[in-house]
Amino acid sequence: MHNLLSNLKIAVPEKIFVKDPESSALGKRIIEHSILLINDLGFDAFTFKKLGVIIGSNESSIYRYFESKHKLLLYLSSWYWAWIEYQLVFETHNISDHKEKLIKAIDIVCRTTKEDSNFSHINEIVLNRIIINENSKSFLTNEVDKENKDGYFIIYKRVIQRLRDMIIENSPDYNFPSSLASTIIEGGLHQHFLKDHFLSITDCEGQITPSRFFIDLTVNTLNLK
């Protein structure tokens, strides 16, 4: 486990980008300001031309890093899930009790995001809002099967599989561990969206957080003592 933690880094599948944005100051500015601009405008209204104006660079220079805004969204989504995976591994590796470990994992994937000072060019709080509002647009496309085959969603799936494995540790005979794990991941995002926009159809408000809801749901579903 120590070797896993020492080698763990925020890495995005290379096929998503043309040039690694982490390799240059311009690339990091593209990531930093694309997050802020998508948050301000929404993904549909976001364009490389508008981003170029913000960062003071030609639109063509952005295409040297990403061939489309869809690929940029895939990058942001992959980076986010890799960051979540890092927290999952780091914060649960010393927990030996299976139930406690699962509860901690659910809290990590569903909790309100706090900014991580380790990545100065990425505002994780704003990125989390983008994932809540726009994540489904990264895979609800006609190309999803090809992109899945090419490994674009490998990190997202790996996070779900880590949570699935913890569910199996707690309840080996439970028939739907993958379905429950993916429901927790996607449901956490959805409950955050509802509490921000549709309070009348969610109980997640105040002290009742998405983490608390999905911990309660999982503990009762698996009949954990």
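Let's start with one residue. Ile168 has a relative accessibility of 33%, so Ile168 counts as partly exposed. The cut-offs matter here: buried means under 20%, and exposed means over 50%. Keep in mind that this is a predicted model.

Where does Ile168 sit? Ile168 belongs to helix 9, residues 154-170.

Now helix 9 as a whole. Helix 9 has 17 residues. From first C-alpha to last, helix 9 reaches 24 Å, close to the 24 Å expected at 1.5 Å a residue.

Which residues of helix 9 are buried? They are Ile155, Tyr156, Val159, Ile160, Leu163, Met166, Ile167 and Asn170. Look down the axis of helix 9. The buried residues fall within an arc of 150 degrees, so they line one face of the helix. What does that set pack against? The buried residues of helix 9 pack against helix 5, helix 6 and helix 10, which covers 177-197.

Take helix 5 next. Helix 5 runs over residues 69-92. Its 24 residues should span 34 Å at 1.5 Å a residue. The end C-alpha atoms are 35 Å apart, which agrees. How buried is helix 5? Of its 24 residues, 20 are buried, so helix 5 is largely enclosed by the rest of the structure.

One example from that helix is Ser77. Ser77 has 7% relative accessibility, so it counts as buried. Leaving aside residues up to four places away in sequence, Ser77 touches Ile131, Asn135 and Ser138.

Next, a loop residue. Ala11 lies in the loop between helix 1 (2-7) and helix 2 (25-41). Its relative accessible area is 36%, so Ala11 is partly exposed. What does Ala11 touch? Not counting residues up to four places away in sequence, Ala11 touches Ala82 and Ile155. Ile155 is one of the buried residues of helix 9. There is also Trp79. Ala11 and Trp79 are 68 residues apart along the chain, yet their C-alpha atoms are separated by 6.9 Å.

On to helix 6. Its 13 residues should span 18 Å at 1.5 Å a residue, and the end C-alpha atoms are 18 Å apart, which agrees. The buried residues in helix 6 are Lys101, Leu102, Ala105, Ile106, Ile108, Val109 and Cys110. A lysine is on that list. What covers these residues? The cover includes helix 5, helix 9, helix 10 and helix 11.

Let's look at one of those pairs. The axes of helix 6 (residues 98-110) and helix 11 (residues 210-221) come within 8 Å and cross at roughly 145 degrees. The crossing is right-handed. Helix 6 makes the contact with Lys99, Leu102, Ile103, Ile106, Asp107 and Cys110. Helix 11 makes it with Pro210, Ser211, Phe214, Ile215, Thr218 and Val219. By class, that contact has 8 nonpolar, 2 polar and 2 charged residues.

Last stop: the segment after helix 11, where we find Asn223. Is Asn223 buried or exposed? Asn223 has a relative accessible area of 51%, so Asn223 is exposed. Check its backbone too. Phi of Asn223 is near 55 degrees, a positive value in a residue other than glycine.

Methods:
Residues are numbered from 1 along each chain as its sequence is written. This is a predicted model: local features need pLDDT of at least 70, side-chain atom pairs count only at pLDDT 80 or more; totals for chains, interfaces and linings use all residues. Side-chain values use heavy atoms; hydrogens and water are left out. Axes are lines fitted to C-alpha atoms, for helices over the stretch in contact, and angles run from 0 to 180 degrees between N-to-C directions. Helices (H or I, at least four residues) and strands (E, at least two) are DSSP runs, numbered from the N terminus. A crossing is left-handed if the near helix is turned anticlockwise from the far one by less than a right angle, and right-handed if clockwise. Contact means heavy atoms within 4.5 Å. Ala, Val, Leu, Ile, Met, Phe, Trp, Tyr, Cys and Pro count as nonpolar, Asp, Glu, Lys and Arg as charged, and the others, Gly among them, as polar. The expected span of a helix is 1.5 Å times one less than its number of residues. Buried means under 20% relative accessible area, exposed over 50%, partly exposed in between (1.4 Å probe, protein chains only). The arc is that of the directions from the helix axis to the C-beta atoms.
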